[in-house]
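Please take a look at the protein shown below. A short report on its fold follows.

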Amino acid sequence: MTVGSFIRGLAGPLERPLCDAYRALFMNVGRCAQQLQAAISSDCHLIDVGGGDGAVLDAILRVRPDLTATMLDLKTEVGKFLAPEIAPRVEIRAGTSIQDYLAQGGAPAACVLVSDVVHHVPADARTTFLHDCVRLLQPGGTLIIKDVAPGHLVSLASMYADRYITGDRHVRLIAPDDLVGLLRGLGLHASAPLLAPTERPNYAFAFRAVGNLQPHP
Ligand SMILES: C[S@@+](CC[C@H](N)C(=O)[O-])C[C@H]1O[C@@H](n2cnc3c(N)ncnc32)[C@H](O)[C@@H]1O
């Protein structure tokens, strides 16, 4: 059991406010969700890869009643922070990798969201992970990736919090240029940054394929 899951277990009904306060140290979820949703086309279904508790997805769906979503996560407890009025618009696939989802006949989507997941994926597995995210896209679809840039005091704090409170000892932040480079290698081009400079060190891009996607071994 990690320090984080121990504290969450003790918190009982205070778990959500406690987690919100903790996340607010690193990111303004409502403000970032408002900026991320602008890159999502109307009336689309999105796949939230590594959706976790669903805090970011919940904030997006609140301001976008036209959207529905599927959450995929390796964890078995997923989506617990979706509000009761939002949850009916979300299909939850807990304990499901992207490869499992596709093998189970899961449909690709017009939009794929990957929020604060890439820094949890081991560096040597990132190209394969991102390629799998691209496989979830319908032709012409949009891959939105939000992450945390290294080199700021807040990012250092978030990295140590992930390591010693969330309990993921393999966390390694990825710089925006490196993320853009990895996606370019897969044939996707980045939009202008989706988040305002005031959200730093948080950053996000919308990636779209230009021409044929690059095959990945
Ligand atoms: C920091 S949480 C982010 C949760 C949510 N996306 C958000 O921004 O509020 C990272 C999540 O990514 C999930 N995750 C990590 N690697 C994954 C992978 N390869 N496939 C699917 N989920 C993954 C973890 O289980 C965890 O729930």
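How many helices and strands are there in the protein? The protein has eight helices and seven strands. Keep in mind that this is a predicted model.

**Overall build**

Start with the whole chain. The protein has 217 residues, and a compact globule with that number would have a radius of gyration near 17 Å. The protein has 16 Å, so the two agree. Along the principal axes, the C-alpha atoms fill a box of roughly 50 × 40 × 30 Å. Of the 217 residues, 35% count as buried. Take the contacts between residues at least 6 apart in sequence: 66% of them join residues at least 24 apart.

**The sheet**

Next comes the sheet. Seven strands form an open sheet with mixed pairing. Their order is β3-β2-β1-β4-β5-β7-β6. At the edges stand β3 and β6, each of which pairs on one side only. Neighbouring strands of this sheet are turned by 20° against each other on average, direction ignored.

Some of the strands have these residue ranges:

| Strand | Residues |
|---|---|
| β1 | 45–49 |
| β2 | 68–72 |
| β3 | 90–93 |
| β4 | 109–115 |
| β5 | 137–148 |
| β6 | 188–190 |
| β7 | 202–209 |

Strands β5 and β7 run antiparallel, and six bridges join them. Isoleucine 145 stands opposite phenylalanine 205 in β7. Helix α6, residues 126–135, lies across β1, β4, β5 and β6. Helix α6 runs at about 140° to β5.

**Aspartate 73**

Now for a single residue. Where is aspartate 73 found? Aspartate 73 is in the loop between β2 and β3. Is aspartate 73 buried or exposed? Aspartate 73 has 22 other C-beta atoms within 10 Å. A residue is buried if that count is 20 or more, so aspartate 73 is buried.

Leave out residues up to four places away in sequence, and aspartate 73 touches Gly50, Gly51, Gly52, Val78 and Ala94. Isoleucine 98 is 25 residues apart from aspartate 73 along the chain. The C-alpha atoms of aspartate 73 and isoleucine 98 are separated by 8.3 Å.

**Around the ligand**

Last, the ligand. There are 17 residues around the ligand. Which of them come nearest? They are Gly50, Gly52, Val56, Ser115 and Asp116. Gly50 and Gly52 are also among the residues that aspartate 73 touches. The shell around the ligand divides into eight nonpolar, six polar and three charged residues.

How values were computed
Residues are numbered from 1 along each chain as its sequence is written. This is a predicted model: local features need pLDDT of at least 70, side-chain atom pairs count only at pLDDT 80 or more; totals for chains, interfaces and linings use all residues. Helices (H or I, at least four residues) and strands (E, at least two) are DSSP runs, numbered from the N terminus. The radius of gyration is taken over C-alpha atoms; the globule rule is 2.2 Å times the number of residues to the power 0.38. A residue is buried if 20 or more other C-beta atoms lie within 10 Å of its own, exposed if 12 or fewer, and partly exposed in between; C-beta atoms are placed from the backbone. Two residues are in contact if their C-beta atoms, placed from the backbone, lie within 7 Å. A residue is near a molecule or strand if its C-beta atom, placed from the backbone, lies within 6 Å of it. Ala, Val, Leu, Ile, Met, Phe, Trp, Tyr, Cys and Pro count as nonpolar, Asp, Glu, Lys and Arg as charged, and the others, Gly among them, as polar. Two strands pair if DSSP finds at least two bridges between them. Axes are lines fitted to C-alpha atoms, for helices over the stretch in contact, and angles run from 0 to 180 degrees between N-to-C directions.
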